[in-house]
Amino acid sequence: MTVTFRKEEPLTLVIERIIDAPRHNVWRCWTEAELLKQWFCPKPWHVPEADFDLRPGGRMNTVMAGPNGERHENFGIWLEIVPEERLVFTDAYREGFMPAPSHFMTGFVELSDTDDGGTKMIWGARHNEEATMKTHLEMGFEDGWKAASAQLDELARQL
């Protein structure tokens, strides 16, 4: 699994992974706050808080906490929800499409079935400028998202 760049979307980072679990389980891991808290950050980071209102314009708020007391609050909304197929979310807006004071990325997840009963997951981040994308890469995008998706794979198999 490697990070790819979409030619048609030059400021987009993408990973693709096969999850060894049915798509329904992967969907639940993305859309149920209590499940997302278990996998969304690479360890030793964790998500102590997640609060969702799963509808376009509804909140997608998470807090990521580090091993040394770091705390990263990410408040955003869901933009698009196609059950068990596609999610789009952003920190550009707060609940109810209220503009946010700053914007880091718009994320998306695309899910499809594999022939052997697993799930193909495409997970991406769109950025508004090259500097933001570069910052995301320097923050450890590739290693972090690979680790988080491995944690997602483990959890989805257990459901």
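Colleague: So what is Trp30 in contact with, leaving aside its neighbours within four places in sequence?

Modeller: Keep in mind that this is a predicted model. Trp30 is in contact with Leu36, Trp39, Phe40, Phe52, Trp78, Leu87, Phe89, Val109, Met121, Trp123 and Leu152.

Colleague: And which residues touch the most other members of the largest nonpolar core?

Modeller: Trp30 is one of them, along with Trp39, Met121 and Trp123, in a core of 35 residues. Helix α4, residues 141–158, supplies the largest share of that core, with six residues. In soluble globular proteins, nonpolar side chains tend to be buried together.

Colleague: Back to the helix at 23–31. Why is α1 described as largely enclosed?

Modeller: Seven of its nine residues are buried, so the rest of the structure largely encloses α1.

Colleague: Which residues of α1 are the buried ones?

Modeller: Arg23, Asn25, Val26, Trp27, Cys29, Trp30 and Thr31.

Colleague: Changing topic: in what order do the three strands of the open sheet come?

Modeller: The order is β3-β4-β5, with antiparallel pairing. From one strand to the next, the twist averages 10 degrees.

Colleague: How many bridges join β4 to β5?

Modeller: Four, between antiparallel strands, with β4 covering residues 60–65.

Colleague: And what stands opposite Ala65?

Modeller: That's Arg71, in β5.

Key:
Residues numbered from 1 in each chain as written. Predicted model: local features only at pLDDT ≥ 70, side-chain atom pairs only at ≥ 80, totals over all residues. Heavy atoms only, no water. Buried < 20%, exposed > 50% of the residue type's maximum accessible area, 1.4 Å probe, protein only. Helix = DSSP H or I, 4+ residues; strand = E, 2+ residues; numbered from the N terminus. Pairing = 2+ DSSP bridges. Axes fitted to C-alpha atoms, helices over the stretch in contact; angles between N-to-C directions. Core = buried A, V, L, I, M, F, W, Y, C linked by side-chain atoms within 4.5 Å. Contact = heavy atoms within 4.5 Å.
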